[in-house]
Amino acid sequence: MQAREYASGAERHTLIGAAEGAAEVELRYFRIPAGGASALESHAHEHAIMILHGRAEALLGEATHEVGPGDAVFVSSGETHRLRTLGDEPLGFLCTALVGRSRPPG
């Protein structure tokens, strides 16, 4: 499985996607280096995030929550969201996304 690398140093790995027969939903693993953050974004589809390692500040709308290993985060349709790493460890998480939905590197 080839990682997609972003200019921020983050990596995306598609674990289950169209190549595995998924028609609608992908399962992705992201790794964000210490001091980094995911993109600030919102989109029409909802998705779920499961933190595997590291700690982060999760921005959901206007609220922030500290999350760590084992925590699940639900992102509603149209909700602005971002994960920003906390501490000296990289952040690793699984998330769902629509098959074929892709952001440009950056």
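The model is predicted, so local features need pLDDT of at least 70 and side-chain atom pairs count only at pLDDT 80 or more, while totals for chains, interfaces and linings use all residues. Residues are numbered from 1 along each chain as its sequence is written, and side-chain values use heavy atoms, with hydrogens and water left out.

**Six-stranded sheet**

- Six strands make an open sheet with antiparallel pairing, in the order β1-β2-β3-β9-β4-β7; strands are DSSP runs (E, at least two residues) numbered from the N terminus, and two of them pair if DSSP finds at least two bridges between them.
- β1 (4-5) and β7 (72-75) each have a single partner strand, so one side of each is left without a neighbour in the sheet.
- Strand β3 (residues 25-32) is joined to β9 by eight bridges in the antiparallel sense, and Val-25 stands opposite Leu-98 in β9.
- Strand β9 (residues 91-98) also pairs antiparallel with strand β4 (residues 47-53), over four bridges.
- Met-50 has Leu-94 of β9 opposite.

**Three-stranded sheet**

- A further open sheet has three antiparallel strands in the order β6-β5-β8.
- Its edge strands, β6 (63-67) and β8 (81-86), each pair on one side only.
- Neighbouring strands here are turned by 20° against each other on average, direction ignored; the axes are lines fitted to C-alpha atoms, and angles run from 0 to 180 degrees between N-to-C directions.
- Strand β5 (residues 55-60) is connected to β6 by five bridges, and Ala-56 has Val-67 of β6 as its bridge partner.

**Nonpolar core**

- The largest nonpolar core has 16 residues; such a core is a set of buried Ala, Val, Leu, Ile, Met, Phe, Trp, Tyr and Cys residues joined through side-chain atoms within 4.5 Å, where buried means under 20% relative accessible area (1.4 Å probe, protein chains only).
- Ile-49, Ile-51, Val-67, Val-73, Leu-83, Leu-91 and Phe-93 have the most contacts inside this core.
- At least two core residues come from each of β3, β4, β5, β7 and β9.
- Leaving aside neighbours within four places in sequence, Phe-93 is in contact (heavy atoms within 4.5 Å) with residues including Tyr-29, Phe-30, Ile-49, Ile-51 and Leu-83.

Methods
Buried means under 20% relative accessible area, exposed over 50%, partly exposed in between (1.4 Å probe, protein chains only).
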